[in-house]
Amino acid sequence: MSEDVIFSPLKFRNLTVKNRIFRSNISGRFDNEDGSLTQTRINWECKFAAGGVGAIISSYVPVLMEGRIIADYATVHRDDFIPLWERLGAAVHRFDCKYIMQLSHSGRQMDFPGVHNSHRPALSSTSRKESLHGFLCRAASKAEIDHLVEAFAAGAWRAREAGLDGVELHAANGYLFTQFLSSGINDRTDEYGGLLQNRARFLLEVIRAIRARVGRGFHLQVKLSAVDRNNVIPWEKKGNVLADTIEVAKWCESEGADAIHVSTGSLFPHPLNPPGDFSFETIATTYDAMISSGVDAFRNFLLFRYRLLRPIFRWIWFRMKKGLPIEGVSLEEARAIKANVTVPVLNTGGYQTASFIRSGITSGAFDGVAIARSLVANNDLVQQWAMGRDLPERPCTYCNKCLLNAPKNPMGCYELARFPSREAMIDELMTIYATRPTLNLPPVASAQAA
Amino acid sequence: MTAEPPVTYVETQLRRRRRLLLPVAIVLALLALIGLVVVVLGLVAVMRLAVNRPQVFPDIVAHFEHGSIGADQSSGIPFWVWQALPRLFPAEFDGRLDYRAFGFLYNTDAHGRQESLPIGISKRDFQGVDLVWFNCAVCHTGTYRTSEGAARVMVPGMPSNNLNLYGFIRFILDAGVDERLKPDRLIPAMQAAGANLGIIDRQVWRFVVIPRMREGFIERRSRLQPFLAEQQPWGPGRVDTFNPYKLVQMDMLLGAIAPDERHGASDFPSIFNQKPREGMQLHWDGNNSSLDERNLSAALGAGVTPETVDHAAIKRVKEWVGELHPPRSPHQVDPAAAERGRAIYMNACAVCHGYQGPDRYVFEGAKLGTVEANSTLGTDPGRLDSYTEAFRQRQLAELFAGTPFQFKHFVKTNGYANMPLDALWLRGPYLHNGSVPTLRDLLAPPAERPSAFVRGIDIVDGKNGGFLSPSCTPGRRPPQGFCYDTRLPGNGNGGHTFGTTLPATEKEDLIAYLLTF
């Protein structure tokens with residue numbers, strides 16, 4: 001057994017992961033319009049499993065079609081998708097890698113509504129439009145909230161039935177749970193709004209429902225934004241502070257959560273999540289795909305597209321980053337939460353340096369880290385660490401071009417400087433599309449066959 | 001055609017938002033349009049208001065006659081009003097469409113056509129309106145004829161012996177309150193005179209230019225009219241230099257001017273040969289020894305203000321008149337008599353006045369250019385008394401104070417300056433107030449000098465010196481010219497009795513010599 005704490009197993013109540021490195025939730029538009037996953041997704045996840053991470057937290061998986069963030073992402077809203085997820089789980093397990101499905105609902109933060117959702121407002125805690133893009137929404141009724149709770153429970157059950165290793169509730173980064181939790185967003189006056197206990201009610205009801213459905217023996221973790229910093233658009237309210245999230249984390253643990261995954265920010269993307277640069281040249285070429293998604297998206301497109309206007313958005317975006325590091329941007333917040341709960345705490349936010357992670361674990365800031373971009377840049381990051389490197393040979397530059405290409409292009413690393421040529425970059429992007437000859441032939445009606 | 005329904009919820013909401021915001025957008029667009037129009041009009045107005053462009057004349061004589069010294073900007077009237085006035089007030093202009101009725105002189109162009117503006121009037125485009133008013137030449141350009149039928153010769157630099165400045169100023173002030181200057185009558189008259197005014201220009205003239213002009217007239221009239229009404233008409237070739245100056249430049253009220261100060265009317269001086277005069281006591285009463293200050297003071301009289309005065313333009317005139325020589329006397333005299341007269345003159349007169357040499361005037365004489373106490377001279381004190389120590393103090397404090405142009409050389413004197421007598425043949429009538437018509441009369445005892453005579457005839461008098469000046473009866477208008485009455489305040493013809501006791505033959509010789517000046 002390795003003496004390196006990074007490679008020491010992390011034991012949860014119902015799950016043991018071989019090391020402290022989790023692939024954080026990240027994906028591309030790999031799947032089918034109906035929500036069924038594809039070979040491409042299996043290829044994508046296996047890249048990281050093969051690279052040595054202890055567990056993969058799936059990308060965002062909607063429990064309902066009306067809760068998709070982006071169309072063409074795999075969902076878990078149907079029982080007949082269980083075999084598909086089972087296949088994916090099996091593929092990952094071959095690498096001694098655990099697979100945790102992130103159960104999610106977009107709420108109003110719906111980037112690409114797709115054919116299922118474009119005709120209606122998204123459900124949310126509020127009827128106020130989303131602040132950055134102007135996504136439209138409608139406050140859910142009590143009956144609709146009950147329906148949502150049940151959908152999450154069903155999603156967890158399907159994950160367990162598929163043989164996956166656990167679920168994570170995506171209660172961070174501005175999605176539906178955040179929309180209930182955040183005092184900067186939730187403007188309800190019923191039992192789901194107002195006091196923190198009320199705002200947390202929906203999340204806690206979901207945890208209770210999942211536990212009721214799948215029992216205590218199935219791993220369940222909750223991803224929370226430690227601090228909302230909801231005032232990215234300057235006139236918005238700031239939202240929850242750390243003390244609020246510590247309370248919520250404690251309540252989650254009480255209701256049966258097995259781990260807390262700490263992130264930051266009440267919308268996605270947020271200046272601090274993912275931390276790093278913002279490539280105007282990239283977003284100017286991809287954001288047009290989102291213009292029809294929100295009532296303020298065209299305004300943003302103009303701000304991105306025209307150099308004279310860029311300083312406006314640059315000021316909005318970069319003013320919150322001042323004085324904060326990229327790697328471990330919310331480390332201290334994770335430490336504060338860990339000090340208040342007994343379950344393991346994961347932290348995400350630009351981790352890439354082995355010694356830094358090691359120090360975070362040994363100093364009690366967190367028990368493990370969830371990484372997305374650095375692993376996209378170097379799928380074998382964990383193996384490089386195992387071989388003694390502290391930083392990979394060609395580290396992630398935190399350029400965020402992977403994120404900003406997402407509206408239009410395949411998920412992957414777009415930092416040309418990291419590749420010998422453009423062709424090499426494209427080749428790398430294309431590796432996940434390697435198909436295998438197991439395509440099924442659609443059935444033929446008997447009359448036609450005759 | 002029915003609009004196609006929106007495909008997405010976002011489009012539905014955007015369409016609703018557009019529908020709700022349409023009235024606001026229309027209002028904003030209208031406001032933006034109005035704002036744009038206002039900005040454009042504002043820019044046009046600013047560009048127009050920024051215009052301050054005098055006419056520039058490379059030729060020095062043209063500059064003297066029509067170049068601006070800044071009076072047009074501060075005191076001027078619009079060119080098209082100037083052109084319209086003869087049409088509106090035909091009686092005052094003797095039915096002519098020019099200003100000859102007031103003694104203004106005109107040049108003719110290469111085709112023999114009379115120029116539109118008389119000599120001594122400059123023109124400046126100020127804030128989009130052409131303004132016209134006086135320059136130096138208005139008071140310092142005269143004419144002479146050698147006989148009744150001879151051609152009239154115009155002489156830049158000689159006193160403006162034709163100009164009826166008093167009559168002109170009174171006319172302008174009265175016109176300001178005359179209903180004929182209401183826009184409804186003035187604008188058509190301007191158009192009849194050739195003004196081409198568009199719709200906007202007509203409104204600008206109706207509501208801005210003409211009301212402002214009339215206000216200016218009324219204000220100036222309220223200052224000057226009581227004074228002018230009290231004074232007798234000055235007659236052609238004369239001006240009261242300092243009293244209008246007190247009323248207009250100093251904003252003094254008539255009551256603040258003592259009764260014995262109020263009769264300062266004097267002859268326009270000639271302005272030949274100015275350079276040799278530097279350092280002499282200038283002005284009739286010798287109250288300033290600086291040519292520059294004398295010039296600047298005269299410019300104020302013409303209508304400039306400390307803010308509008310064009311020092312460079314005045315300097316250009318100064319340099320030119322510094323060496324401007326008068327035309328030679330055309331009088332034919334007996335050389336022997338003139339030679340005898342010269343001896344008399346050199347013995348008795350040259351010390352005060354310098355003398356005429358064979359080719360040029362000689363500015364030498366122990367007392368030349370100094371002030372002779374009026375207790376000795378005994379000429380009319382009106383001009384002397386019109387300049388006071390109190391006024392000097394105000395000049396010092398209020399005009400160009402703190403600038404290099406401050407009036408530091410003015411003094412209050414007790415008499416009149418001994419003038420050089422260059423171009424004497426063009427300077428009649430004589431003495432500072434023009435009260436003695438000819439040189440011969442000046443050599444006569446005061447009691448024998450004409451008590452009333454005609455001024456304004458420009459035929460030189462080859463026998464007596466000066467211009468033909470027939471006697472006249474005060475109160476009766478002579479067939480031509482103006483009847484000057486020496487018995488009126490300021491018009492007295494006494495004093496300067498030098499030479500009056502010479503024997504008749506010596507007087508003839510002296511006159512023969514003086515006719516060569």
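Two strands are taken as paired if DSSP finds at least two bridges between them. The model described here is predicted.

On that basis, four strands of chain B form an open sheet. Their order is 1-3-4-2, and the pairing is antiparallel. Strand 1 (52-54) and strand 2 (77-78) of chain B stand at the edges. Each has a single partner strand, so one side of each is left without a neighbour in the sheet. Strand 3 (residues 121-126) of chain B is joined to strand 4 (residues 129-134) of chain B by six bridges. These two strands run antiparallel. Across this pairing, Val132(B) in strand 4 of chain B stands opposite Lys123(B).

Chain A holds a closed barrel of eight strands. The strands run 3-4-5-8-9-10-11-12, with parallel pairing. From one strand to the next, the twist averages 25 degrees. Strand 3 (residues 21-23) and strand 4 (residues 55-62) of chain A run parallel and are joined by two bridges. Phe22(A) has Ala55(A), in strand 4 of chain A, as its bridge partner.

Helices pack on this sheet. Helix 1 (residues 39-51) of chain A touches strand 3, strand 4 and strand 5 (98-104) of chain A. The direction of helix 1 makes about 150 degrees with that of strand 4 of chain A. Helix 2 (residues 82-93) of chain A also packs on the sheet, touching strand 4 and strand 5 of chain A. The direction of helix 2 makes about 140 degrees with that of strand 5 of chain A.

Note on methods: Residues numbered from 1 in each chain as written. Chains lettered and ligands numbered in written order. Predicted model: local features only at pLDDT ≥ 70, side-chain atom pairs only at ≥ 80, totals over all residues. Heavy atoms only, no water. Axes fitted to C-alpha atoms, helices over the stretch in contact; angles between N-to-C directions. Contact = heavy atoms within 4.5 Å.
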